[in-house]
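Subject: A structure for you to look at

Hi,

Here is the structure I promised to pass on. Could you open it and keep it on screen while you read the rest?

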Amino acid sequence: MKITAIHTHYVRIPFDMGAPKQEFAGLRFPTMDHLLVQVETDAGITGWGEGFGHSIIPATKTALEAYVGPWFIGKDATEINALHREAAQAFHIFGRNGPVVYAHSGIDIALWDIAGKRADLPLCDLLGGARRKEVRAYASLMRYANPKTVGRIAEERVALGFKHIKLHEHSIDAVRAAREGAGADIALMNDVNCPWSVAQAIEMERAFRSSNLYWLEEPVWPPEDHDGLARVRKSGSTRIAAGENAAGLHDFVDQFQKGSIDVAQPSVTKIGGITEMRKIVAAAEAHSVELVPHCAYFGPGNLASIHIVASLATDTLLENIYVNLEANPFGDAMLAKDGKVRVPTGPGLGVEPDMKVVEKYRQGPVGTVR
Ligand SMILES: [Mg+2]
């Protein structure tokens with residue numbers, strides 16, 4: 001089954017988040033942006049994937065159209081593992097993290113969608129099967145900064161049925177307000193996106209303890225300082241999560257060996273797709289580290305994450321970013337109800353995009369590689 005064409009769709013969707021937007025992780029987020037990757041085969045089966053993401057999509061799109069996509073044209077879509085390895089080697093001098101790997105991730109996800117459609121099975125069945133028909137989601141809040149707003153939004157999410165809430169807040173007051181808003185029984189996490197030195201992170205972990213965090217995410221700059229993160233983890237009592245900025249399997253193995261993290265967070269649209277994700281799932285298990293995928297997007301990467309979480313032996317969590325999108329090509333497939341998201345039952349990713357919605361929100365023409 002030969003890959004005959006790859007198309008890219010740059011989709012930008014307006015959203016609200018229940019309060020004024022704040023800058024975070026260096027981004028302003030005027031819209032929620034997605035790069036949809038559509039892979040066509042000579043068997044007539046089309047697969048969908050997604051490459052990361054947000055402000056860097058123009059670079060990911062260019063990497064895909066100029067180099068990564070052309071490499072895949074003519075290859076056999078059914079040889080997923082071998083293609084993944086050969087592609088990674090072919091691209092390695094252009095960066096082991098960043099737009100080239102994001103583009104590769106998008107194609108890999110699409111190949112798994114194709115495999116599911118070929119087998120007429122949902123992706124989770126290809127990954128070993130799912131005991132659960134729905135997965136528990138955690139509400140991942142944008143940054144609000146204002147403690148009163150953080151408290152209100154946390155309270156609203158709890159009222160909707162979420163038992164786990166993640167913040168993106170830097171101040172002790174904002175975290176405390178969220179704890180008050182959410183109540184004592186809710187698992188509260190805080191993701192700070194790599195702001196601090198090791199010494200500062202140790203101090204902040206101590207300061208956050210009164211809010212009883214379920215995990216503290218990426219407290220140390222830079223994310224590659226696995227030794228420094230291990231020092232924060234060992235000096236404190238809060239569980240440490242990281243991994244959305246890791247470069248592949250070996251970056252995770254290094255974190256496991258150094259004892260840097262309690263929770264591994266590979267991102268399927270960034271790390272090398274589902275194929276790389278499966279290796280990290282096995283490595284995390286071998287090192288007794290919990291795995292909760294990073295999932296800060298609403299396209300095929302999100303659908304893939306639902307299937308991955310559903311197929312894990314442990315009853316783990318799915319990240320569910322809280323924003324209200326004006327529309328989504330995949331309908332309400334990623335919406336949480338009572339703190340849970342249903343696992344799609346159709347073949348492959350299980351949901352096909354509504355092309356009318358894609359066309360309405362597409363920025364610029366479709367990119368095509370043949
Ligand atoms: Mg994060």
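This is a predicted model: local features need pLDDT of at least 70, side-chain atom pairs count only at pLDDT 80 or more; totals for chains, interfaces and linings use all residues.

Below is what turned up, starting with the metal site.

Residues are numbered from 1 along each chain as its sequence is written, and side-chain values use heavy atoms, with hydrogens and water left out.

So, what holds the magnesium ion? Asp-191 (OD), Glu-217 (OE) and Glu-244 (OE) coordinate the ion at 1.9 to 2.1 Å. (Donors are N, O and S atoms within 2.8 Å of the metal, or 3.2 Å for Na, K and Ca; water is not among the atoms, so sites may look incomplete.) Along the chain, the donors are spaced D-x25-E-x26-E. Glu-217 and Glu-244 are both buried, meaning under 20% relative accessible area with a 1.4 Å probe, protein chains only.

Next, the inside. The largest nonpolar core has 116 residues, and Ile-6, Phe-72 and Ile-274 are among those with the most contacts inside it. (Such a core is a set of buried Ala, Val, Leu, Ile, Met, Phe, Trp, Tyr and Cys residues joined through side-chain atoms within 4.5 Å.) Domain 1 (3-120 + 353-369) and domain 2 (125-342) both give residues to this core, so it lies between them; the domain bounds come from an automatic or database domain assignment.

Leaving aside neighbours within four places in sequence, Ile-274 is in contact (heavy atoms within 4.5 Å) with residues including Asp-108, Trp-112 and Ile-308.

Cheers

Technical notes:
Buried means under 20% relative accessible area, exposed over 50%, partly exposed in between (1.4 Å probe, protein chains only).
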